[in-house]
Structures are given as C-alpha cells and as structure tokens.
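Here is a short briefing on one protein model. Look at the sequence and the structure first, then read the points below.

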Amino acid sequence: MTTALLHPSLGELKTYAEGASEDRSLATHLARCGACRSKVAGLRALREELSQLPTPEPATDLLRRILAARAARYRPLPGFHT
Ligand SMILES: [Zn+2]
C-alpha cells in the first residue's frame, strides 16, 4: 500500500520507527517522501524523550490493594465449597 502517492498509516510509520518493520515498500516510500521521513524522525525523537522520563515508584500499598481487589472479585459463590 505504500507508494509515493499513498502515505503509510501512522501505525505503519510507528512500527518502522521502532525498527520492527520489514516492509520494503515502506522503506522505498520513505526514501521518496520527506513528510513521512519527518514523521518517523518525530516518532523516534519522542520515543527517545519518553525513555528519559523517570519511572515512578509504585504506591506503598499497591500490592495490598491488588490482592484485596482480587480477593473481592473471586469470592466463592454462596453454597460452593472447595
Ligand atoms: Zn509519505
């Protein structure tokens, strides 16, 4: 679907920017289309910037809340005994 006149989707460009695309026609399109090359460059720059963000620490009570939610969701039905 990638020709000089028909731009690839943003999803296709994202896959290419991540290095996960083996679509040769996409590479050919990018060689000819400055607009799409610019989008790929922007996606790669954004990915790099996002990778620089700190990883937030989980709340200290996160595990307790997960376990409580799971326990509440999977209570045995009344009358059901294991
Ligand atoms: Zn294009």
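Leu13, Lys14, Tyr16 and Ala17 in helix α1 meet Cys36, Lys39, Val40, Leu43, Arg44 and Arg47 in helix α3. Here, two residues are in contact if their C-beta atoms, placed from the backbone, lie within 7 Å. Helices are DSSP runs of H or I with at least four residues, strands are runs of E with at least two, and both are numbered from the N terminus. The residues of this contact divide into six nonpolar, no polar and four charged. Nonpolar covers Ala, Val, Leu, Ile, Met, Phe, Trp, Tyr, Cys and Pro; charged covers Asp, Glu, Lys and Arg; the others, Gly among them, count as polar.

This is a predicted model: local features need pLDDT of at least 70, side-chain atom pairs count only at pLDDT 80 or more, and totals for chains, interfaces and linings use all residues. Residues are numbered from 1 along each chain as its sequence is written.

**How α1 and α3 cross**

- Two packed helices are described by the angle between their axes and the distance between the axes.
- The axes of α1 (residues 10-17) and α3 (residues 34-51) come within 9 Å and cross at roughly 60 degrees.
- Axes are lines fitted to C-alpha atoms, for helices over the stretch in contact, and angles run from 0 to 180 degrees between N-to-C directions.
- α1 and α3 are therefore oblique to each other.
- Angles under 35 degrees count as roughly parallel, over 145 as roughly antiparallel, 65 to 115 as roughly perpendicular, and the rest as oblique.
- The crossing of α1 and α3 is right-handed, a term used if the near helix is turned clockwise from the far one by less than a right angle, with anticlockwise giving left-handed.

**Overall shape**

- The protein has four helices and zero strands.
- Its pattern along the sequence is α-α-α-α.
- The radius of gyration is 23 Å, well over the 12 Å that the globule rule gives for 82 residues, so the protein is more spread out than a compact globule.
- That radius is taken over C-alpha atoms, and the globule rule is 2.2 Å times the number of residues to the power 0.38.
- Along the principal axes, the C-alpha atoms fill a box of roughly 65 × 35 × 15 Å.

**Buried or exposed?**

- A residue is buried if 20 or more other C-beta atoms lie within 10 Å of its own, exposed if 12 or fewer, and partly exposed in between.
- Buried residues make up 7% of the 82 residues.
- Proline 8 lies in the segment before α1 and is buried, with 23 other C-beta atoms within 10 Å.
- Serine 9 is also in the segment before α1, but counts as exposed, with 10 C-beta neighbours inside 10 Å.

**A look at valine 40**

- Valine 40 lies in α3 and is partly exposed, with 18 other C-beta atoms within 10 Å.
- Leaving aside neighbours within four places in sequence, valine 40 is in contact with Leu13, Tyr16, Ala17 and Leu30.
- The C-alpha atoms of valine 40 and leucine 13 are separated by 6.0 Å, though the two are 27 residues apart along the chain.
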